[in-house]
Amino acid sequence: MSLEFEQLTPSIAEMAREAGRRREKRDDELEKAAALLHEYADSWDLIDERLSWAVANADEKFYRSARPLHHELPLDQGIKPQAPPAQATIIATDGSQIVPDRHAPFLYYLINIGAIIYYHGSGRPPDVAAFPKLSFPGDADSEEDDVFNVSSNLVSMRRDEREISMLANLVKSIKGQPGPTLAILDQRLLYWPIGNNTGIDGQRIVYEWQKSMADINSAGGWLAGFIDRPGKRSVLAMLHTLDLQNSGRKLQDLYPFASDIYGGLSDTDLFDQLLQPEERSVIFIDISQHNKNFTNSDPDNEVCFFYLKTGPGEGQLARVDIPMWVARNKTALNTVHALLVDQCRIIGHYPYVITRADEIAVVGRRDQEELENRIQLQMNELGIYTSITSKQQSKEYARGQKTRLEGY
Amino acid sequence: MNDTQSEIGRVLRANTTGFAVGSRVNQLSTPGFGSLIKAQPVGEHEIIYGLIYNINIDDDQLIRRLVMVESPRTEVIEDQRNNRILPIEMSVLAVGYRINGNLRYSLPPRPPLNLDPVILVDDPAEIKQFTDNPSYLRLILRAEGSRVPVDQLLVAHMHDVYRRRGEDVTWIVSVVRELIELLRSNYEVLIPTLEALNSAIPGLNEEIIE
């Protein structure tokens with residue numbers, strides 16, 4: 001049965017009206033935020049004083065903000081890229097997964113990591129590889145069977161862990177290549193488990209994540225997390241913190257669950273209008289409980305970030321997370337900026353290496369069917385015959401491809 | 001016969017009159033339009049011969065984006081050509097087969113199967129053996145009216161074989177005479193074919209007249 005669109009018509013109309021109202025409000029808020037950024041652009045003493053006060057008085061579980069790393073360039077200044085180095089090695093990894101399905105004939109999950117090593121300036125083809133791993137109840141690496149029955153979140157977390165550990169292994173394997181080595185992920189560096197997975201599994205994965213960051217640092221690599229059109233509001237929170245005395249707001253108003261003082265804005269909106277194509281913002285340090293945890297584990301792992309305008313269009317903006325060991329090294333910082341801009345020029349607005357790593361990693365529906373077919377054949381050879389659950393079978397009947405009379 | 005050096009791809013789909021071959025970019029350097037190739041199922045007694053009459057290079061969204069970029073990087077071009085799995089598709093017209101060692105110049109009893117390896121026939125002895133008898137030209141001519149560019153295919157194939165047979169004038173003259181006989185009532189194909197052949201092989205007209 002198809003969706004009853006008539007029933008949804010009033011909601012669709014209201015949705016469009018509300019989007020218009022929010023856009024108006026957003027434009028007002030954006031104007032105010034830009035004014036605050038210009039007002040406090042180089043008020044270094046005031047910035048230090050008020051942010052220190054906020055960190056000391058806020059509930060660290062909820063207060064998230066940003067602090068400029070240097071007191072050199074004004075906060076509202078865009079920074080143009082330098083020329084990239086003649087040669088460099090750029091490594092990217094990305095992952096995809098098939099999550100366990102208890103309605104399927106066989107219980108398993110699969111994590112596939114795609115990787116590319118791109119030899120910038122060499123003229124030679126990149127090295128590409130895929131690293132698939134099949135996990136099933138009772139396999140050698142399976143610590144427990146819970147993952148097969150719990151949720152897809154845990155599999156996603158394990159994929160994240162494999163993405164960065166594979167990246168670290170590849171950085172360590174690079175020997176004798178000219179120029180610097182830059183390792184790129186297509187996600188935030190300040191990793192924190194999604195959902196409610198903050199138990200032992202979550203803690204272990206955060207620990208492994210931090211260890212992989214340290215491994216990349218020890219191997220002499222530089223690391224960046226590239227997040228396309230992010231929703232982060234840390235700089236906005238910083239600006240509201242600086243302006244608390246004038247606005248009459250309380251610190252608690254800045255907590256994520258409090259009333260929406262941002263008017264639907266994110267840092268993306270602010271820097272999207274501020275930066276010219278290929279320019280980056282100044283460097284900010286993330287203020288959050290998570291980053292404190294990262295810093296405590298290894299001061300070099302403290303996560304900083306900058307915004308990068310990847311193209312001329314509206315919303316063509318990325319956040320680039322970098323660890324402190326890159327942020328405080330000006331050569332590294334300028335090179336990361338230059339190489340990312342260079343990568344974005346290849347296909348426009350997005351790094352080529354991430355596009356390719358994703359392409360290598362992705363497990364399509366046909367791959368999944370082929371994999372399950374092979375599992376089925378192996379099982380049958382051993383005389384093991386199972387079937388999908390009745391629930392799944394009935395769904396497949398109902399959702400199966402329909403034929404339509406097209407005429408003769 | 002050194003087959004392992006000359007695999008140019010594998011069968012994608014097939015029927016009795018021909019087949020399509022999927023190839024990687026790095027397999028494209030040797031075969032060309034008009035080349036004699038063969039589908040050779042491993043361990044089977046049948047070999048199906050054919051001529052490449054079309055080479056199709058596909059694209060996808062990433063390629064279309066890269067085309068828009070001014071001066072794509074060498075690394076990116078090499079990545080697309082060496083690492084990405086975009087098959088090059090060659091269309092092949094069947095012109096004969098070998099069964100239990102015996103050559104037949106007619107359509108094969110069975111088409112090759114998906115993923116059968118396809119090999120460029122570049123062994124001089126095998127080329128000579130297959131092309132000594134020009135009967136297979138009939139199968140090319142019977143494709144007139146289909147998507148096969150018959151006159152151009154004839155020219156490309158005959159020139160390729162002439163070269164691979166060590167500029168064998170005796171062979172090319174006999175094949176042209178056979179062609180004239182087969183096409184005596186079809187000047188629309190014969191004339192442009194002869195003109196193009198003479199242009200590709202200077203002095204051919206004089207050899208035929210002698």
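## The sheet in chain A

Let's start with the nine strands of chain A that build an open sheet, in the order 1-7-8-9-6-5-2-3-4, with mixed pairing. At its edges sit strand 1 (65–68) and strand 4 (127–135) of chain A, each pairing on one side only. Neighbouring strands here are turned by 30 degrees against each other on average, direction ignored. As for the terms, strands (E, at least two residues) and helices (H or I, at least four) are DSSP runs, numbered from the N terminus, and two strands pair if DSSP finds at least two bridges between them.

A word on what you're looking at: this is a predicted model, where local features need pLDDT of at least 70 and side-chain atom pairs count only at pLDDT 80 or more, while totals for chains, interfaces and linings use all residues. Residues are numbered from 1 along each chain as its sequence is written, with chains lettered from A and ligands numbered from 1 in the order in which they are written.

## Around strand 1

Strand 1 of chain A pairs with strand 7 (residues 284–287) of chain A in the antiparallel sense, over four bridges. One spot to look for: S65(A) has I287(A) of strand 7 as its bridge partner.

Across strand 1 and strand 7 of chain A lies helix 5 (residues 234–242) of chain A, running at about 80 degrees to strand 1. Such angles run from 0 to 180 degrees between N-to-C directions, with axes fitted as lines to C-alpha atoms, for helices over the stretch in contact. Contact is when the C-beta atoms of two residues, placed from the backbone, lie within 7 Å.

Strand 6 (residues 222–228) of chain A has six of its seven residues buried, so it is largely enclosed by the rest of the structure. Buried is when 20 or more other C-beta atoms, placed from the backbone, lie within 10 Å of a residue's own; exposed is 12 or fewer, and partly exposed is in between.

Strand 5 (residues 181–185) of chain A pairs with strand 6 in the parallel sense over four bridges, and A183(A) has L223(A) as its bridge partner there.

## A residue touching chain B

I346(A) lies in helix 10 (residues 330–347) of chain A. With 21 C-beta neighbours inside 10 Å, I346(A) counts as buried. Not counting residues up to four places away in sequence, I346(A) touches Y352(A), V69(B), R73(B) and V76(B).
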